[in-house]
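Let's take a walk through a protein fold together.

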Amino acid sequence: MKTLVIIIHPNLENSLINKRWIEELEKHPNQYTLHDLHQLYPDEKIDIEKEQQLIEEHETIVFQFPFYWFNCPPLLKKWLDEVLTHGWAYGSKSGYKLEGKKIALAISAGINKEDYSETGRYKYTLEQLTSPFEVTFNYIKSNYKPLFAFYGAELHPNPEKIEKSAGEYISFLESL
């Protein structure tokens, strides 16, 4: 079964990391369903039923996005609020439609990894800063997996590091 990669990037044309990851994913059309929220919903009017059906058709879901202001892009938050509805994603009569589905995050972070540490500039790890996602997905009984991250995206990463990350991303996805 294919892995659903939900892409949430408000400026994909100018992206280095996410765009390269997508190019790598496109080499494997039998393994990955790519779902670009900004392309599908430029007006941010989400087709909830379509999104829920797509989720139901996949056992592994990855949310791919840039991390900024220590959070996800606003469209992902809106997607979570609107798609993970009571009676579908959770609730005693919901059937917990995401129960057991593997969920992971793939994040491009602008800052270096050292800055995301207890002794670093921001005092928290990326895992700590994304813990609300873990709580959310555990609440709806999904199988939340460790995240994948590229650090230093804003610091003019060299092409070799970007290229290496594309292969590592595919390995990460295959390990889910």
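**Helices and what they pack against**

The buried residues of helix α3 pack against β1 (3-7), β2 (32-36), α2 (37-40), β3 and α4 (74-83). Keep in mind as you look that this is a predicted model.

Which residues of α3 are the buried ones? In this helix, which spans residues 48-56, they are E51, Q52, L54 and I55. Looking down the axis of α3, you would find these buried residues within an arc of 160°, so they line one face of the helix.

Helix α4 can be read in the same way. Its buried residues are L75, L76, W79, L80 and V83. They span an arc of only 140° around the axis, which puts them on the same side of α4. The elements covering them include β1, α2, α3, β3 and α6 (131-139).

Now zoom in on one residue, H35, which you will find in strand β2. Is H35 buried or exposed? H35 has a relative accessible area of 6%, and buried means under 20%, so H35 counts as buried. Its side chain makes a polar contact with the side chain of E51, at 2.8 Å. If we leave aside neighbours within four places in sequence, H35 is in contact with L4, V5, I6, I7, L40, E51 and L54.

Next, let's look for rings. How many aromatic pairs does the structure hold? There are 13. Take F67 and Y116 as one example: their ring centres are 6.2 Å apart and their planes meet at 70°, so the pair is edge-to-face. This pair links distant parts of the chain, since F67 belongs to strand β3 (residues 60-67) while Y116 sits in the loop between β4 (102-109) and α5 (126-129), 49 residues apart. Both F67 and Y116 are buried. They also belong to one aromatic cluster, formed by F67, F70, Y116, Y122 and Y151.

K141 lies over the face of Y96, at 4.1 Å from the ring centre. Likewise, K161 lies over the face of F150, and here the distance from the ring centre is 4.8 Å. To find K161, go to helix α7 (residues 159-175). With a relative accessible area of 36%, K161 is partly exposed. Not counting residues up to four places away in sequence, K161 touches F150 and Y151, and Y151 is a member of the aromatic cluster. K161 and K2 are 159 residues apart in sequence, and their C-alpha atoms are 27 Å apart in space.

Finally, step back to see the whole chain. It has 7 helices and 6 strands, and from the N terminus on its elements run β-α-β-α-α-β-α-β-α-α-β-β-α. The radius of gyration is 16 Å, close to the 16 Å that the globule rule gives for 176 residues, so the chain is as compact as a globular protein of that length. Its C-alpha atoms fill a box of roughly 50 × 35 × 35 Å along the principal axes. Of the 176 residues, 48% are buried. Among contacts with a separation of 6 or more, 75% come from residues 24 or more positions apart.

Note on methods. Residues numbered from 1 in each chain as written. Predicted model: local features only at pLDDT ≥ 70, side-chain atom pairs only at ≥ 80, totals over all residues. Heavy atoms only, no water. Phe/Tyr/Trp six-rings, centres within 6.5 Å; stacked < 30°, edge-to-face > 60°. Helix = DSSP H or I, 4+ residues; strand = E, 2+ residues; numbered from the N terminus. Buried < 20%, exposed > 50% of the residue type's maximum accessible area, 1.4 Å probe, protein only. Lys NZ or Arg CZ within 6 Å of the ring centre and 35° of its normal. Arc of directions from axis to C-beta. Contact = heavy atoms within 4.5 Å. Polar contact = N/O pair within 3.5 Å; in protein donor to acceptor, adjacent residues only side chain to side chain. Rg over C-alpha atoms; globule rule 2.2 N^0.38 Å.
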